[in-house]
Amino acid sequence: MHPEIQTLLALQEDDVNVHSIERGIGALQPRLTDLDRQRQVAADALARARGLVESEEKRQHELQTRLSELKHSHERNLSNLDAVKKPKEAAAAMAQLEASRKGLGDVEMELQAIVRRLTDGRASVHNQEQALADLDASQAAIREEIGRDRAALEEQMKGARGKRETTAQRVSRNLLSKYDRIRGRKGVQAIFPLRGPSCGNCDTAIPMQRRNMMAGTGQIEVCEACGVLLYAGE
């Protein structure tokens, strides 16, 4: 077999090896994606629980401020009621007093409800924090394993690409350019042997004159039908 054909076949073998390692690295990503998705679900649940607690705490603060204002108002209304002498003024003061008393009662009831919701909400936050921590702990070993696998594959890739570059330097520039262009279109394999009188890739018949020239000189031809490189095998 012509030395240039042997070199090009060696280059193709190197490319097949690089492609295989690339697929191995690519296969790790779905595993990481699934782990990330699981963690995101847990993190989102925790964020929602914290958001609810923050909202309730904000409302609690607003109501406590409102309660303080209502207490001051109620105390003024009590003072006003003690100060009035006329029945008409007393009735008005009593109405104001009842209104402030009702307002106080409504706010106090809502504050009590918020306290209950905050108790439940904080318990939910604690549970979600624990769930996220447990998930992180359970994923740690898996992520570490994936990291080791990736590091090993990347080290293999470094060696495989270095070998590929060394092999590529032994191929003529024009042929290498043609090979890389075809491989980019067709996939990993760009060069095929003749299979009898036909292209080893698409089975298109190759004229006898071209076959004889390839067999006699070791020349590499391009299949006019599918565009791959062809050589005459032994």
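Helices (H or I, at least four residues) and strands (E, at least two) are taken as DSSP runs, numbered from the N terminus. In these terms the chain contains 4 helices and 3 strands, and from the N terminus on its elements follow the order α-α-α-β-α-β-β. The radius of gyration, taken over C-alpha atoms, is 40 Å, well over the 17 Å that the globule rule (2.2 Å times the number of residues to the power 0.38) gives for 234 residues, so the chain is more spread out than a compact globule. The C-alpha atoms fill a box of roughly 130 × 35 × 25 Å along the principal axes.

The model is predicted, so that local features need pLDDT of at least 70 and side-chain atom pairs count only at pLDDT 80 or more, while totals for chains, interfaces and linings use all residues. Residues are numbered from 1 along each chain as its sequence is written, and side-chain values use heavy atoms, with hydrogens and water left out.

The structure holds 19 salt bridges, each defined as a side-chain nitrogen of Lys or Arg within 4 Å of a carboxyl oxygen of Asp or Glu. In one of them, arginine 183 pairs with aspartate 15, with the closest N and O atoms 3.3 Å apart. Arginine 183 lies in helix 3 and aspartate 15 in helix 1 (residues 3-83), so this pair ties together parts that are 168 residues apart in sequence. Aspartate 15 is buried at 5% relative accessibility, where buried means under 20% relative accessible area, exposed over 50% and partly exposed in between (1.4 Å probe, protein chains only); arginine 183, at 25%, is partly exposed.
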